[in-house]
Amino acid sequence: MEKRIKVTIDSIQVRKSESYDGWFSEPGNSAEWSLNITVDSQQYNWRANNIRDNSDHPIGREFYVDVNNNKTQFVVRCSGIEIDDSSANDPLPANELTLGQSNDWGIGSTQTLSAANEDFNYKVFFTVTKVYQFDDIELGRIRTRLDLNEFINP
Ligand SMILES: [Ca+2]
Ligand SMILES: [Ca+2]
Ligand SMILES: [Ca+2]
């Protein structure tokens, strides 16, 4: 059994974008985020300035992962930094979720990656859909067809 899975990063919801109220805190009321979202081994970097508390950010980035009997799970991760000019960058809290054959890859429902610490709080919403699926017999037929085509058009 072989399947192609599509993971769509729908949006990022920022509840707390930084801490702004202390002596050594971020000045102003917005922050500079560089968030890495990794699906299997493919990475997307979301880099955005002027990120405020309680803000939603549509993403719409799609990833494709091929799975089969030898690859029965993969991981979706989020991690990153909040960028500062006058001090070291601040690490954003990270999280990860394993999608697998055992729960049908989370297909059909919205998945959430949540991460929070005392300075930051955000969620990454994504959906998983099945693009196609074929069994060994169909796979054999496709291979035969491809081979025949190469024979006709070398
Ligand atoms: Ca900061
Ligand atoms: Ca900053
Ligand atoms: Ca800092």
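Analyst: Strands here are DSSP runs of E with at least two residues, numbered from the N terminus. In this predicted model, threonine 38 has its place in strand β2, and β2 spans residues 31-39.

β2 belongs to an open sheet of 4 strands, which follow one another in the order β3-β2-β5-β6 with antiparallel pairing. Because β3 (42-51) and β6 stand at the edges with a single partner strand each, one side of each is left without a neighbour in the sheet. On average, and with direction ignored, neighbouring strands of this sheet are turned by 15 degrees against each other. Between β2 and β3 the antiparallel pairing runs over 8 bridges, and tryptophan 33 stands opposite alanine 48 in β3.

Threonine 38 counts as partly exposed because it has 17 C-beta neighbours inside 10 Å, whereas 20 or more would be needed for a buried residue. Leaving out residues up to four places away in sequence, threonine 38 touches Gln43 and Arg77. Its C-alpha lies 9.4 Å from that of phenylalanine 63, a residue 25 places away in sequence.

Valine 39, with neighbours within four places in sequence set aside, is in contact with Val7, Phe63, Val65 and Val76. The largest nonpolar core has 24 residues, and Val39 is among those with the most contacts inside it, as are Leu35 and Ile37. β2 is one of the elements that give two or more residues to this core, and β1 (2-16), β4 (55-67) and β5 (73-82) are also among them. In soluble globular proteins, nonpolar side chains tend to be buried together.

Conventions. Residues numbered from 1 in each chain as written. Chains lettered and ligands numbered in written order. Predicted model: local features only at pLDDT ≥ 70, side-chain atom pairs only at ≥ 80, totals over all residues. Core = buried A, V, L, I, M, F, W, Y, C linked by C-beta atoms within 7 Å. Buried ≥ 20, exposed ≤ 12 C-beta atoms within 10 Å, placed from the backbone. Contact = placed C-beta atoms within 7 Å. Pairing = 2+ DSSP bridges. Axes fitted to C-alpha atoms, helices over the stretch in contact; angles between N-to-C directions.
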